[in-house]
Amino acid sequence: MLTLNPVFAALSLIAALILRLIVQGGRPQIKAILRAALFMALITVLNPVFSHHGVTVLFFLNDLPITREAILYGAYMSAAIMAVVLWCGVLSSCMTSDKVIHLVGRAFPHLAVLISLTLRFIPLFKERFKGIIDAQRAAGVNDETTMIKKLSFYIKAFSALVTMILEDSIDTSDSMKARGITLSGRTSYSDFSFHFDDAVVLALVLSSAAYLMISGAAGFVDLSFYPVITPLPVSVKALAAYAAFGVIAFIPAAKEVIAWRHSRLRA
């Protein structure tokens with residue numbers, strides 16, 4: 001998100017898609033991939049309609065110029081936004097509450113609990129909302145014959161969800177206080193340990209990130225869309241930056257594949 005270079009957006013999108021297919025399965029993700037493709041196409045089409053920057057006019061739509069630069073910028077932005085959405089989806093499924101507490105629990109215990117609760121409540125809210133909708137439809141109290149009635153039905157279901165969320169929050173708060181979450185010197189159990197392969201991955205990520213920061217500050221990978229699209233940087237330093245970002249982007253997928261094969265060999 002800190003650069004307009006489309007190579008980074010493409011690498012991030014491909015890596016996030018591959019990791020999501022590995023972690024969450026291929027077949028259930030077909031609808032999600034189709035929605036993502038539709039969203040990207042929508043942004044690509046709408047951006048030149050509302051933004052008329054650029055000097056290469058392809059045609060006019062109701063006397064409004066449609067430029068090549070605006071179309072390509074919309075394609076880039078759609079890829080970058082969708083990559084972020086996919087990475088956040090993978091994060092919510094992989095980053096469990098025990099991992100969050102292990103990482104920041106000792107230094108920032110209250111922040112760790114807040115993050116872990118947030119990660120837990122997002123899928124819980126989706127499941128509760130679906131349960132409320134299904135229960136009302138099974139009871140026959142829903143009326144979705146018109147758009148207004150359908151909207152009113154979903155608003156009532158959301159109101160019930162908010163009430164349920166508030167009640168769960170109070171119960172969770174009382175339970176945490178009863179377990180001594182506010183006491184000083186409280187310890188927590190963790191089954192995680194730092195191994196040699198973790199050190200190798202950490203070194204790769206930090207060194208790649210350091211080179212990316214240097215490349216960004218030095219302008220090795222700079223690219224702009226307006227008013228004219230500048231040439232894509234393909235120097236040795238730029239290619240090294242692309243490789244460094246590829247290392248960061250594809251390490252999670254590679255690690256999942258290696259871990260899966262190792263577990264099968266042990267079995």
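Among contacts (heavy atoms within 4.5 Å) between residues at least 6 apart in sequence, 65% join residues at least 24 apart. This is a predicted model, in which local features need pLDDT of at least 70, side-chain atom pairs count only at pLDDT 80 or more, and totals for chains, interfaces and linings use all residues. Residues are numbered from 1 along each chain as its sequence is written, and side-chain values use heavy atoms, with hydrogens and water left out.

Let us turn to the fold. The chain holds eight helices and two strands, where helices (H or I, at least four residues) and strands (E, at least two) are DSSP runs numbered from the N terminus. Their order from the N terminus is α-α-β-β-α-α-α-α-α-α. The chain is more spread out than a compact globule, because its radius of gyration is 24 Å, well over the 18 Å that the globule rule gives for 267 residues. That radius is taken over C-alpha atoms, and the rule is 2.2 Å times the number of residues to the power 0.38.

Here are some values for the whole chain:

| Property | Value |
|---|---|
| C-alpha span along the principal axes | about 65 × 60 × 40 Å |
| Buried residues (under 20% relative accessible area, 1.4 Å probe, protein chains only) | 24% of 267 residues |
| Accessible surface (Shrake-Rupley method, 1.4 Å probe) | about 17900 Å², 69% of it from carbon and sulfur atoms |

Now for a single residue. Lys-156 sits in helix H6 (residues 147–178). With 57% relative accessibility, Lys-156 counts as exposed, a term that applies over 50%. Lys-156 lies 9.7 Å from Ile-133, C-alpha to C-alpha, and the two are 23 residues apart in sequence.
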